[in-house]
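Open the model in your viewer and keep the selection tool ready. We will go stop by stop.

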Amino acid sequence: MPCSGIGKVHGLIAREATYLVTDELAPQEAETVCLALLVSGDEEARAKVREAECIAIDGCPKLCAAKNVEMAGGKVVKSIRVVDAFKDHRGAEPGTPTKLADDGWTIVREIAGDIADSMCGRCESEVNYDG
Amino acid sequence: MADGGVKVGIISCSGEEIPEGTISRMATRRVLELLRPGSTVTICLPLFLAGDGAERDFATKHPTITVDGCDKLCAKKGTEKHSGPVSAALVVSEILNGDCSGCARSARDRTEKDKEAVWLVSEEIAKAVDAILAESGGCVSEAGDDGAACACSKPIPGMEIQVDGKSVTIAGLALIFDHLAESGLAADESSGDRLLETVRIYHSIEPEEEDAYKAALISAYKTHRRV
């Protein structure tokens, strides 16, 4: 569950890391839900997150994804902050909220790889990841 | 623009599950950065629940447009539930007449069709912004000095051109040139009408200035394309 952040590049990184996991690294084991559905109070979306183990990817310390999942009754088994990933990339130029640059894609791959690895540990499923 | 007014708020659903959610996000960004910088602001929708409470004033401080990907209308419902009534509610799937096949969720898979969809939707948002501004007498402020806005609408840099001996800065002109180049516009004298027609969507050009702008834009476009 990415944070839907629209104001900073961190939100786009969270979004793209999610797609890398759900579309390529672990398409059978992972899916995403519109965070806006939870905000609007959609019962189907709330039930979905309650039934799953959720990984929240938040762009900033406000932790919108993690908090909204928990408010919906979901269990956040892993909470990732994109800002923390930047600590290993001082001086990086990740791009903009609209378009990622090479450094931004590097961070996307690292976060997605971290998620895929942790999913491997949780479900013992084979996840193909060469990043 | 007069001081003392408010900026128009745009709230995108940014729905992660469907391509229309990505289009809503990209189109909103395009309006903030290129089409109506200085008169629009945004906020992350989930902040209504996860924030410290100040964010909930957003729709009461700003006449707000919601941009939803689908007919579930999450942005509209979420905004009305947690912040206040909206001034306009747009739906990407309706604007595109349901034709989003071939559009992508991820930027990695983006094609020309995605770009066209973003252009279409962003122009509809810009029209809605203009309608709200017209109703309020165009009274908007340059300062984003209220606590609800999250400084998301930092304008993109402009490009300076010489029009009839005068320096004129046009916001996002480099991006406009890039888009036109990608769509195959030749960098020669034949490009004048298309350049003028496109740039005047974003920058006011009086009828008597058309010839001077056309010449200036052709020259700048050639330079940009290094012809």
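Which element of chain B has the lowest mean pLDDT, and which the highest? Color chain B by confidence to find out. Among its elements, helix α7 (residues 173-182) of chain B has the lowest mean pLDDT, at 83. Strand β4 (residues 88-91) of chain B has the highest, at 98. This is a predicted model, so pLDDT guides what you can read from it.

**Stop 1: confidence**

Stay on chain B. Its mean pLDDT is 86, and 89% of its residues reach 70 or more. Now select residues 140-153 of chain B. Here pLDDT stays under 50, and the model has 42 contacts beyond four places in sequence for this stretch. Where pLDDT is low, the predicted coordinates should not be read in detail. The model as a whole scores ipTM 0.89 and pTM 0.75.

**Stop 2: chain B and its domains**

Switch to a cartoon view. Chain B comes to nine helices and six strands. Of its 227 residues, 45% count as buried. Look at its contacts between residues at least 6 apart in sequence: 68% of them join residues at least 24 apart.

Next, select 8-135 and then 158-224 in chain B. The domain assignment calls these domain 1 and domain 2. Their C-alpha centres lie 28 Å apart. Four residues from domain 1 of chain B and four residues from domain 2 of chain B make up their contact. On the domain 1 side, three of these residues are nonpolar, none is polar and one is charged.

**Stop 3: where the chains meet**

Show both chains. Their contact takes 31 residues from chain A and 33 residues from chain B. On the chain B side, the elements that give two or more residues are α1 (19-35), α2 (47-50) and α4 (74-82). The most come from α1(B), with six residues. By class, the chain B side has 15 nonpolar, nine polar and nine charged residues.

Zoom in on α4(B). Its buried residues are B:C74, B:A75, B:K76, B:K77, B:G78 and B:T79. What covers them? The cover includes α2 (35-39) of chain A. From chain B it includes β1 (8-12), α2, α3 (58-61), β3 (64-68) and β4.

**Stop 4: a strand pair in chain A**

Select strand β1 (residues 53-58) of chain A. Five of its six residues are buried, so the strand is largely enclosed by the rest of the structure. Six bridges join the two strands, which run parallel. Find A:D58: opposite it, in β2(A), stands A:R81.

**Stop 5: a helix in chain A**

Move to helix α4 (residues 64-71) of chain A. Is this helix enclosed or open? It is largely enclosed by the rest of the structure, because six of its eight residues are buried. Pick them out: A:C64, A:A65, A:A66, A:K67, A:N68 and A:V69. They pack against α2, α3 (43-51), β1 and β2 of chain A, together with α2 of chain B. Just after α4(A), A:G73 takes a positive phi of about 90 degrees.

**Stop 6: the core**

In soluble globular proteins, nonpolar side chains tend to be buried together. The largest nonpolar core here has 97 residues. Those with the most contacts inside it are A:I57, A:I111 and B:I125. The core draws at least three residues from each of domain 1 and domain 2 of chain B. Finish on A:I57. Beyond its neighbours within four places in sequence, its contacts include A:M1, A:A65, A:I80 and A:I111.

How values were computed:
Residues are numbered from 1 along each chain as its sequence is written. Chains are lettered from A and ligands numbered from 1 in the order in which they are written. This is a predicted model: local features need pLDDT of at least 70, side-chain atom pairs count only at pLDDT 80 or more; totals for chains, interfaces and linings use all residues. Two residues are in contact if their C-beta atoms, placed from the backbone, lie within 7 Å. Helices (H or I, at least four residues) and strands (E, at least two) are DSSP runs, numbered from the N terminus. Ala, Val, Leu, Ile, Met, Phe, Trp, Tyr, Cys and Pro count as nonpolar, Asp, Glu, Lys and Arg as charged, and the others, Gly among them, as polar. Domain bounds come from an automatic or database domain assignment. pLDDT is the predictor's confidence in each residue, from 0 to 100. A nonpolar core is a set of buried Ala, Val, Leu, Ile, Met, Phe, Trp, Tyr and Cys residues joined through C-beta atoms within 7 Å. A residue is buried if 20 or more other C-beta atoms lie within 10 Å of its own, exposed if 12 or fewer, and partly exposed in between; C-beta atoms are placed from the backbone. Two strands pair if DSSP finds at least two bridges between them.
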